Amino acid sequence: MYVAVKGGEKAIKSSIELLEQKRKHISSNQDINISQLIEQLSFAVDRVVSEGSLYDKNLSALSIKQAQGDLVEAIFILRAYRTTLERFSYSVPIDTSSMTLKRRISATYKDIPGGQILGPTFDYTHRLLDFSLLNGKETSNKKNNPTSNDNVFFPRVMEFLNNEGLMEKEIEKLKSRPFDITREPMKFPASRDQWLQILSRSDEGFLLGLSYSAIRGFGSKGTHPFVGEIRYGFVEVKIYPEELGFEICVGEIEVSECEMVDQFEGSKKIAPQFTRGYGLTFGYNERKAMSISIIDRALKSEEYGEEIKFPIQDQEFVLYHSDNVEAQGFVSHLKLPHYVDFQGELNLIRELRKKILKENKDD
Amino acid sequence: MIDGFNFAYLDEATKRMIRRTILKAICIPGYQCPFGGREMPLAYGWGTGGIQVTASIIGINDTLKVIDQGADDTTNAISIKNFFKKVCKIETTEDTEKATIIQTRHRIPEKKLSENQILVYQVPQPEPLRRLEPKEQETRKLHAYEEYALMHVKLYEEISHFGSVIKTYAYPVRTNKRYITDPSPTPKFDNPKMDFMEALQLFGAGRERRIYAIPPYTSVQSLDFEDHPFQIQTWDERCDICGSNNSYLDEIIINDKGEKKFICSDTNYCEKNLKT
Amino acid sequence: MEHVGFKNKTFESQEAFHLILQATANPGKKVKFMNHNYSQEDLHISSVNIIFTLLDLDTNVFIQSAQENIISNFIKLHTGSPITKNKVESDFAIITHGDLDFESFNDGLDQYPDKSTTIIIQIQSMSEGEDFVLSGPGIKNSNQITLRGIPHNFKEKINSNSSKFPRGVDIFLTCNDELISLPRTIKIIN
């Protein structure tokens, strides 16, 4: 008699123990601490903050450590924690035009009021392995003069085009409460507040590939976006308690923002003008902010009466598939046992083959 | 609060929202009710919809059974059961009859369920028309106007090409003679059990954020044609453990030569059968 | 702001929900709320249990009552639900006095029939009065209920509501500590 294998419980326990052992720092004998991660792997920490959609660098670093560097797993851990947090207030919209800038560039003008600020960027590093980092390099404690000019107002580059009437007007203010992707099920046709929120916590790789596809050729014709302005820096978060009657600052967050200029030929109703794409993310995630701004513009295709031909223009395609917590979950669920369904398929294939082989024989 | 978690993990506001959704879902049998699904500490696709439904209905007096592929001891079933043990401190059981709530993936127990039980299905893709029409905006309209020709044509094409409908699991049903409904990826063998089932059937799709329901004593018909009536799977073999010839069987390869044995997929049914 | 509601929100609301679920899955079945700890003189015990269990900031409530203000304040205090004068806007309606027709409430959308009003109607008796035989999903063969203090032409109103399926309103009848749920699928056959 056959006895079915049991012991799922034991297997799970062992698997979790093995995973824990894998983390053990046998050869280095050094435990990474959270502040090391925040300082030395800041881009990883920022990515997890952005896609985990929880602005807490400590917890982001903790989740990276816990996930042993698997960023998609870390994002998932942070997201699952986020969902249990109570919401105690709504902030007023952040004002990025008065942010403390660490970086600000425009590709559409040689010079801009306030100037171009290169800031920290990989752009002009030569991508040569720096072997001096191999065995630990003494880091200088010399404080770099911040490039930013605190509390100076930097006009937005896009506003110059706007004032000349060449630029599509930005929505001034939402009439109703903004869509809340963390509370409401997806709705179609999607509204811009809905898709910008989704894109802001979407998988960076998915957004990058999608935006690349559009500028390479799988996007509406003539698409060559121009970077109107990229900003990265700190911005204050304020709330407005009704009982106080004035705004109070509750903290500061680091954000990356990109405004992209695109063409529009005009239609019967609208004269030719530039159109805009907008992207905002938590942390220093410039590549992602740029990708979002390209996708934002493409998702407006329907509004402009442009033909929907490519994946990037298709709201359902983009918004249903860009979240890596959802995507990784569903792809990885294929690892679960499916033997009951597979049994059904086995029976069917055998049956169909029997029938076909019999028919062939009869012929 | 139990060990830093609210009872059943979800906060009360979320439970309330899900409870309202469940009630509407029961009032509109087979209709996919959107809800503001939350991230769970288990991966999407691994039963988060079912977990949210169970978490919203479960109370301290409930006894929970969790199965995957019909078995109580498959890894994910155990993982989900442990999750509820941790966050609810409730009784769990493998005994189908003793359970008040049964959360399942891919099977309906062989034992007939009763009025005081609730069957919670984990659903990966709640939309039965999705493979025929990828856009949600379109499938919503098809359901709203009962435009189901697409599905009938698809099934008919299969019959004319293969001689029979080739769907072996997630075989679409018509609930209460109105909505075409996805029974979740249970084998079609289980479809007849859904018809006029005495237990309430609740379906949770976490990633797709949908809940739907089939009340007790509700008509659930597998789609078919008069000249090609719906049929369930059958086996020439019997269960190698309990000898059953009327339960759903899993095929097991027992040696390098590829020799096979067949055993019941419903492990609790098999055990009980062996005892009697 | 924390709203008052049940003292032990987790367990009391789960118990009450379990009964509401039972009633809705088995239309016509009378369920009894054992929790009498919360009351308001114009509302039945069962209405209060439903209000505490299902209503919150996200549900618009319409009230038809001789004591509209008192009930409205009670609901705001315990649930935070916004009160609306507009029947079509309401997710829940609470009717303690007067006749009503179902037509004027929200019966949902073709594509989203769930976006419809659930009406809580307080009635005088569930053991005396007029007999009705129900049939529909959740009912084995048929189910008889006896009601007094219900809207005029109750049978016609229920049947015209169910003929609109999948659109329609859903109804909770409440009396003292008892509840009968009548989803839109239910027909009165006699």
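Student: How many salt bridges are counted between domain 1 of chain B and domain 2 of chain B?
Tutor: This is a predicted model. Chain B is divided into domain 1 (12–222) and domain 2 (234–276). One salt bridge within chain B joins B:Lys272 and B:Asp95, with the closest N and O atoms 2.6 Å apart. Between domain 1 of chain B and domain 2 of chain B, the salt bridge count is two.

Student: What area is buried between domain 1 of chain B and domain 2 of chain B?
Tutor: The C-alpha centres of the two domains of chain B lie 26 Å apart. Their contact takes 15 residues from domain 1 and 11 residues from domain 2. Carbon and sulfur atoms give 45% of the buried area. The total between the two domains of chain B is about 970 Å².

Student: Which residues in domain 1 of chain B lose the most area to domain 2 of chain B?
Tutor: The area buried between these domains of chain B is about 970 Å². On the domain 1 side, three residues together give 42% of what that side buries. They are B:Arg107, B:Glu110 and B:Phe189.

Student: Which chains have the most contacts among the two pairs that touch?
Tutor: Chain A and chain C do not touch, and their nearest C-alpha atoms are 9 Å apart. Chain B has 39 residues in contact with 38 residues of chain C. Chain B also has 61 residues in contact with 47 residues of chain A. The most contacts are between chains A and B.

Student: What area do chain B and chain A bury between them?
Tutor: Carbon and sulfur atoms hold 55% of it. By class, the chain B side has 26 nonpolar, 16 polar and 19 charged residues. The area buried between chain B and chain A is about 4500 Å².

Student: Which element of chain B gives the most to the side that touches chain A?
Tutor: Chain B and chain A have 24 residue pairs in polar contact. Helix 3 (75–88), helix 4 (136–144), strand 11 (249–253) and strand 12 (260–264) of chain B each give two or more residues to this side. The most, five residues, comes from helix 3 of chain B.

Student: Which residue meets A:Arg201 in a salt bridge?
Tutor: Between chain B and chain A the count is five salt bridges. In the one with A:Arg201, the N to O distance is 3.4 Å. The partner of A:Arg201 is B:Glu39.

Student: Which element of chain B gives the largest share of the side that touches chain C?
Tutor: Chain B and chain C have 13 residue pairs in polar contact. The elements of chain B with two or more residues on this side include helix 1 (12–27) and helix 2 (48–57). The largest share, 11 residues, comes from helix 1 of chain B.

Student: How many salt bridges are counted between chain B and chain C?
Tutor: Chain B and chain C bury about 3200 Å² between them, 63% of it on carbon and sulfur atoms. One salt bridge pairs C:Asp56 with B:Arg20, the closest N and O atoms being 3.2 Å apart. The count between chain B and chain C is three.

Student: Is A:Glu326 buried or exposed?
Tutor: A:Glu326 lies in helix 11 (residues 324–332) of chain A. A:Glu326 touches A:Tyr320, B:Tyr44, B:Arg207 and B:Arg209, leaving aside residues up to four places away in sequence. The relative accessible area of A:Glu326 is 11%, and the cut-off for buried is under 20%. So A:Glu326 is buried.

Student: What is phi of B:Arg209?
Tutor: Most residues other than glycine have a negative phi. B:Arg209 sits in the loop between strand 8 (200–205) and strand 9 (210–214) of chain B. B:Arg209 counts as buried, at 11% relative accessibility. Its phi is positive, near 55°.

Student: What is omega for the peptide bond from A:Phe188 to A:Pro189?
Tutor: Most peptide bonds are trans. A:Pro189 is in the loop between helix 6 (157–163) and helix 7 (192–200) of chain A. The bond from A:Phe188 to A:Pro189 is cis, with omega near -5°.

Conventions: Residues are numbered from 1 along each chain as its sequence is written. Chains are lettered from A and ligands numbered from 1 in the order in which they are written. This is a predicted model: local features need pLDDT of at least 70, side-chain atom pairs count only at pLDDT 80 or more; totals for chains, interfaces and linings use all residues. Side-chain values use heavy atoms; hydrogens and water are left out. Contact means heavy atoms within 4.5 Å. Buried area is the accessible area (1.4 Å probe) that two parts lose on being put together, summed over both. A salt bridge is a side-chain nitrogen of Lys or Arg within 4 Å of a carboxyl oxygen of Asp or Glu. A polar contact is a pair of N or O atoms within 3.5 Å; within protein, one must be able to donate a hydrogen and the other to accept it, and residues adjacent in sequence count only if both atoms are side-chain atoms. Helices (H or I, at least four residues) and strands (E, at least two) are DSSP runs, numbered from the N terminus. Ala, Val, Leu, Ile, Met, Phe, Trp, Tyr, Cys and Pro count as nonpolar, Asp, Glu, Lys and Arg as charged, and the others, Gly among them, as polar. Domain bounds come from an automatic or database domain assignment. Buried means under 20% relative accessible area, exposed over 50%, partly exposed in between (1.4 Å probe, protein chains only).
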